[in-house]
Amino acid sequence: MKKMNEQILADYAQQLLGIDSPTGFTRHAIAWIEEQVQALGYTCYRNAKGNLIVEIEGPADQPVVAVSAHTDTLGLMVRAIKKDGKLAFTRLGGPCLPTLDGEYCRIITRQGKVYTGTILSTAPAVHVYKEASSQERSEEMMEVRIDELVRNEADVRQLGIQAGDIIAIDPKTTITPSGFIKSRFLDDKISAAIFLTLLKALKDENVTLPQKTYFLFSTYEEVGHGASWIPGDVTELLAVDMGCIGTDLSCTETDVSICAKDSGGPYDYQMTSRLIELAQAHQLPYAVDIYPFYGSDCGAALKGGNDIRGALIGPGVHASHGMERTHMQGVSAAYTLLAAYLIEK
């Protein structure tokens, strides 16, 4: 196959990152992906919990494989309305709370109204609070200031805001001239954009896959059960998610990461070895690493009782669950390794 088209990838990524989809509130992102997939001429369907599954037919005598990327992101939910009209919140997934101090957000009511706001410490002003810089950034010590003239709980309720409403965080997506992609929620919308770019390339280049293949866009990965159910004929599942960067890890933003083990245990040895061989054969920048505080759709599928082999790859992403960043080189390497895995059986 040809090299990844960076402009197509960037277009898909920027559009998808611009659609709010905290875990449990992914229907708009899934609907947008479904539109793109159907426009390319693929057959797809949703399961009961909202995962989008693209089914590509292949020879009946070959083992069936699936690849997964998740569309749900981190976010917040309204926990309570405070007496002064600010909002207490609870986390959706595991956002790094100190990085949220000062971030813009959107409060989405169940009636579909959207209000803007800012996430702040409860001691936000250095001219007022001695502890402004030192106070712990925790759920109890942070709140949302709404951009409406509200002074008390009744004013907020008048807006239609209530406990259980979604608070979506502004991703601040930027692609630099030097090839860096920086945004919240590259975990894992950058992989979903890789899937769309590859699905388009398979059509444009008239490539036939040598086996029946499912592309799975999951909706609850951030809370541990995104791909807990997969189609029953799948024998291998490759999760494509962010690669970790940090202490004891060799991955960088320009690499594709191949995970040998995460917090749930080791990935399939043969699958992982095959991915390493493919990365070497294509002369890709890659790293093999162990993620100590990580779970994936593959882990969810295994814990869900599916009789499968599983592995995990992804572009290197810096500052996960905070202000994340990757590079087009790492994204392209992940794209090429994914394509090689699916085509070179």
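**A tour around helix α4**

The crossing of α4 and α7 is right-handed, a label used when the near helix is turned clockwise from the far one by less than a right angle, left-handed being the anticlockwise case. The model is predicted, so local features need pLDDT of at least 70 and side-chain atom pairs pLDDT 80 or more, while totals for chains, interfaces and linings use all residues. Residues are numbered from 1 along each chain as its sequence is written, and side-chain values use heavy atoms, without hydrogens and water.

Select α4 (residues 186–204) and α7 (residues 328–343); helices are DSSP runs of H or I with at least four residues, strands runs of E with at least two, numbered from the N terminus. Their axes come within 10 Å and cross at roughly 55°, the lines being fitted to C-alpha atoms over the stretch in contact, with angles from 0 to 180 degrees between N-to-C directions.

Next, display the side chains of the contact (heavy atoms within 4.5 Å). Among them are I190, F195 and L202 in α4, and V331, Y335 and L342 in α7.

Move to F185, in the loop between β11 (180–183) and α4. This residue has a positive phi of about 70° although it is not a glycine, and is buried at 8% relative accessibility (under 20%; exposed is over 50%, partly exposed in between, with a 1.4 Å probe and protein chains only).

Then select D187 and D188: the peptide bond joining them is cis, with omega near 10°.

Finish at N206, in the loop between α4 and β12 (213–218). Its phi is positive, near 55°, and N206 is exposed at 67%.
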